[in-house]
Amino acid sequence: MYDISGKIACVTGASAGIGAATAEALAEAGCNLVISARREDKIKEFSQYLSDKYEIKCFGGVLDVRNQKDVEKFFAELPEEFKNIEILVNNAGLAKDMTPLYENKISDWEQMIDTNVKGLLYVTKAVLPGMVERDKGHIVNIGSTAGRGTYPGGTVYCATKHAVNAITNGLRKDLLKTSLRVTTIDPGAVETEFSMVRFEGDQARSDKVYEGYEPLHAEDIADAVLYVVTRPPHVNVSDMIIYPTAQRDYHLVNRKA
Ligand code: NDP
Ligand code: 8X3
């Protein structure tokens, strides 16, 4: 395992779920962290928890990745000791609703596209030039199995994750002349706040998504992130697709009665 202690790692959408678990795994590996999300109380509290527990430096700040100016400012104004980000985990993302495209709210399309695609691009644009200049860096994009296929009710969400996959693949080629690495990790069903967000707080509907089988846990994906960023510098894991054992496709789930 390649030692990443002391490196600066940045995780977007770190107030919950996969982002929070990833930040914690990186903190445990000794990284100093830049973490962000929209919910101020959560990100500040979590930042304090990580720095106290793992004795690392952690900068936790409010950031809505949909706002390009805010993204630019957030990274430009990072304290000097956090500026040289070496690992970027583009994790902030969400799905909204699960109805046929012709019934979708346009505002939901916009939120998914602005967060999952444009937000990921804005953050990448803010961090990548420094990585290229230093010829050092690893970008890990959290895609989805929704980026490898489609399912009814998920059309626009799937489109955003197909875009993440294309961005990851294209970027890896754009960086051919550098030592930088680019990885996509594409999970199937992970039990996080994801379905509560998708179904606007409908607990019963959200619970149904994970009923009758063991879904992935946020820590399973954090573990995958940790794996890819601790390979030696000559190894680039380009893609990882991870399903719960009981899930073979979106609707193909072995649920016990
Ligand atoms: P959660 O809802 O648990 O976490 C999402 C995180 O993203 C939160 O920290 C949220 O924080 C943050 N976030 C949402 N919108 C924004 C925004 N505009 N700006 C900044 N941060 C934002 O979901 P997951 O952990 O499951 O999702 C993380 C990623 O994993 C997403 O990209 C998702 O698409 C992907 N994924 C999830 C799967 C699943 O089944 N759960 C499977 C495959 C991929 P806050 O609200 O404080 O801003
Ligand atoms: C989340 C996975 O299959 O619920 O990206 O859309 S899925």
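Student: Is Asp114 buried, partly exposed or exposed?
Tutor: This is a predicted model, and in it Asp114 is partly exposed, with a relative accessible area of 24%. The cut-off for buried is under 20%.

Student: What does the Asp114 side chain meet in a salt bridge?
Tutor: Lys118. The two side chains form a salt bridge at 3.6 Å, N to O. Lys118 is partly exposed too, at 36% relative accessibility.

Student: How far apart are Asp114 and Lys118 along helix α4?
Tutor: They are 4 residues apart in α4, which spans residues 106–134, so about one helical turn separates them.

Student: How many salt bridges does the structure hold?
Tutor: There are 11. In general, side chains of opposite charge can pair when their charged atoms come close.

Student: Which residues are linked with Arg148 in a network of salt bridges?
Tutor: Asp186 and Asp239. The Arg148 and Asp186 side chains meet at 2.6 Å, N to O. Arg148 sits in the loop between β5 and α5 and Asp186 in strand β6, so this pair ties together parts 38 residues apart in sequence.

Student: And where is Asp239, the other partner of Arg148?
Tutor: Asp239 is in strand β9, 91 residues from Arg148, and the pair links distant parts of the chain. Their salt bridge has an N to O distance of 2.8 Å.

Student: Buried or exposed, what is Asp186?
Tutor: Asp186 is buried, with a relative accessible area of 2%. Asp239 is partly exposed at 30%, and Arg148 counts as partly exposed at 35%.

Student: Now the sheet. What is the strand order?
Tutor: The order is β3-β2-β1-β4-β5-β6-β9, in an open sheet of 7 strands with parallel pairing. The strands at the edges are β3 (58–62) and β9 (239–242), each pairing on one side only. On average, neighbouring strands in this sheet are turned by 15° against each other, direction ignored.

Student: What packs on it? I mean helix α5, which strands does that touch?
Tutor: Helix α5, residues 155–174, packs on the sheet and touches β5, β6 (181–187) and β9. The direction of α5 makes about 160° with that of β6.

Student: Which strands does α8 lie across?
Tutor: Helix α8, residues 218–229, lies across β4, β5, β6 and β9. The angle between α8 and β6 is about 160°.

Student: Zooming out, how many helices and strands does the chain have?
Tutor: It has 8 helices and 11 strands.

Student: What radius of gyration does the chain have?
Tutor: The chain has 18 Å, which agrees with the value near 18 Å that a compact globule of 257 residues would have. The C-alpha atoms fill a box of roughly 50 × 40 × 35 Å along the principal axes.

Student: What percentage of the residues count as buried?
Tutor: Of the 257 residues, 51% count as buried. The accessible surface comes to about 12,500 Å², and carbon and sulfur atoms account for 51% of that area.

Student: Last one, on contacts. Of those between residues at least 6 apart in sequence, what percentage join residues at least 24 apart?
Tutor: That figure is 71% for the chain.

Methods
Residues are numbered from 1 along each chain as its sequence is written. Chains are lettered from A and ligands numbered from 1 in the order in which they are written. This is a predicted model: local features need pLDDT of at least 70, side-chain atom pairs count only at pLDDT 80 or more; totals for chains, interfaces and linings use all residues. Side-chain values use heavy atoms; hydrogens and water are left out. Two strands pair if DSSP finds at least two bridges between them. Helices (H or I, at least four residues) and strands (E, at least two) are DSSP runs, numbered from the N terminus. Axes are lines fitted to C-alpha atoms, for helices over the stretch in contact, and angles run from 0 to 180 degrees between N-to-C directions. Contact means heavy atoms within 4.5 Å. The radius of gyration is taken over C-alpha atoms; the globule rule is 2.2 Å times the number of residues to the power 0.38. Buried means under 20% relative accessible area, exposed over 50%, partly exposed in between (1.4 Å probe, protein chains only). Accessible areas come from the Shrake-Rupley method with a 1.4 Å probe; for residues, only the protein chains shown count as cover. A salt bridge is a side-chain nitrogen of Lys or Arg within 4 Å of a carboxyl oxygen of Asp or Glu.
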